[in-house]
Amino acid sequence: MKTAVRTVYIFILCLIILPAKAQQYDPVAYMDSVEFSLLTCSSHEEVYSLYGHTALRYKDLHEGKTEDVVFNWGVFNYKAPHFVLRFVFGMTDYELGLADYKGFCNYYQHWGSCVTEQVLNLTAEEKTALNLALEQNYQPENRVYRYNFLYDNCSTRPRDIIESCIKGKVEYDQRKDYAPSFREMIHAKVNRHRWAMFGNDMLLGLKADLKTSRQEQEFLPENLLYDFDHATINAADGSQRPLVRERRMAVAPGVQIVEPDFFVTPTEAAIILLAVSLLFFAMEWRRKRCIVCWDGVLMLMTGLAGCVLTVMIFSQHPTTSLNLQLLLVNPAHLFFLPAVLRRKKTRYWWVLLTMTILYLGGSLIQHYAEGYAILALCLLLRFWIHIRNEK
């Protein structure tokens, strides 16, 4: 009898305690007190930060909890072998890293950058899905990814993982009269760094001048911030709610640490090159004899630059495959170089004229690197003096 009573007693306790325990550790109910936020960091003077940065914050609001971390898809090892070369060819591997929230903010505060926080308006079920997705993404076999500057970066990664966990669809307001090209958006971010802009314009081809879609524009963190502010979640049950519940300033703008740019701009360097070219041109005009050593300098310079652009055709960056600047700087200069230095009769100068004219015509559909037009003038001067002296 006592055994039966004890069994009934234990059974009643299980009916009371186990549901309470299940509710206490219910992951969906637990996520009600967890906050996910999109962090958008403004640029600072380091070259790798000129475009800003995006990360995702996880904050546990339960009493006594101190877990406050940042999921950062912008972790890379610049000391890795051939890092710059691999970056140029679109073969750079980035990875998802975890950082302490305060340490993350202190870094940007040091540089004078601001950090804007957008608290996401997610349900407990969506937070649970996002939490599981982040845990899976952070697994050692998943955290490394092939970085692409324009299409798969630290801004597009958090956007994609957030959208994939929402029960419904995110609707974005289309910005009127805003359809910039990739090049225009890049110029807006690097306009204080002329040589960085020169390098970008040299490597980016014709596709970078095409108009972009809203999704493509979100490779820049500031564009993703704007779009999230104007986005709505259309839930599966037909209800609507804003994607962002609250916007905060995590780090206020400070005094920027300004790094001095190179003392000569690309245009000034090209003007110096033109001045030297005019000096040689005047000497050759008077003496009626070409100075082939200056031809060698220009041909070597344009030929080596052309080799870089030729190799970029095979880069994994999709905007470098069609570059009309190859009409002006290309490996053909190196091919004709021995004949010019030996003063042999060659068709090089007529090839140069044809390619330069085509290059100038291409400027109607592609934006060229700063100073390239002056370089074209220097090459035309070489054509002129050689044809004149031959006659």
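**Figure 1. Lining of the second largest pocket.** The residues that line the second largest pocket comprise 13 nonpolar, 2 polar and 1 charged. The model shown here and in the views that follow is predicted. The volume of this second largest pocket is about 320 Å³. Its lining consists of 16 residues, among which Phe198, Leu273, Met301, Tyr372 and Leu375 are the closest to the pocket centre. Two or more lining residues are given by each of helix 8 (194-203), helix 11 (266-287), helix 12 (292-312) and helix 15 (372-390). Helix 11 provides the largest share of the lining, with 4 residues.

Figure 2. Over the whole structure, the search finds 1 cavity of 30 Å³ or more. The space in the largest cavity amounts to about 30 Å³. Its lining is formed by Asp295, Leu298, Met299, Tyr348, Trp349, Leu379 and Arg382. At least two of the lining residues come from each of helix 12, helix 14 (348-362) and helix 15. The greatest contribution is that of helix 12, which supplies 3 residues. By class, 5 residues of this lining are nonpolar and 2 are charged, while no polar residue takes part.

**Figure 3. Two non-glycine residues with positive phi.** Asp177 is not a glycine, yet its phi is positive, at about 55°. Asp177 belongs to the loop between strand 7 (168-172) and helix 7 (182-190). With a relative accessibility of 85%, Asp177 counts as exposed. Arg343, likewise not a glycine, has a positive phi of about 60°. The loop between helix 13 (332-341) and helix 14 holds Arg343. The relative accessible area of Arg343 is 42%, so this residue is classed as partly exposed.

**Figure 4. Salt bridge between Asp93 and Arg146.** The structure contains 22 salt bridges. In the one formed by Asp93 and Arg146, the closest N and O atoms lie 2.7 Å apart.

**Figure 5. Salt bridge between Lys169 and Glu171.** The side chains of Lys169 and Glu171 form a salt bridge with an N to O distance of 3.8 Å. Lys169 is exposed, its relative accessible area being 52%. Glu171, by contrast, has a relative accessibility of 34% and counts as partly exposed.

Figure 6. A salt bridge joins the side chains of Glu184 and Lys211, at 3.9 Å from N to O. The two residues are 27 residues apart and link distant parts of the chain, with Glu184 in helix 7 and Lys211 in the loop between helix 8 and helix 9 (214-217). Glu184 is partly exposed, with 42% relative accessible area. Lys211 reaches 57% relative accessibility and so counts as exposed. Elsewhere, salt bridges with shared partners unite Glu35, Arg57, Asp68, Glu117, Arg245, Glu246 and Arg248 in one network.

Note on methods:
Residues numbered from 1 in each chain as written. Predicted model: local features only at pLDDT ≥ 70, side-chain atom pairs only at ≥ 80, totals over all residues. Heavy atoms only, no water. 1 Å grid on protein atoms, 1.4 Å probe; cavity = no way out; pocket = protein on both sides within 12 Å on 5 of 7 lines; lining within 4 Å. Points joined across faces, edges and corners; volume = space filled by probe spheres on them. Nonpolar A, V, L, I, M, F, W, Y, C, P; charged D, E, K, R; others polar. Buried < 20%, exposed > 50% of the residue type's maximum accessible area, 1.4 Å probe, protein only. Salt bridge = Lys/Arg side-chain N within 4 Å of Asp/Glu carboxyl O.
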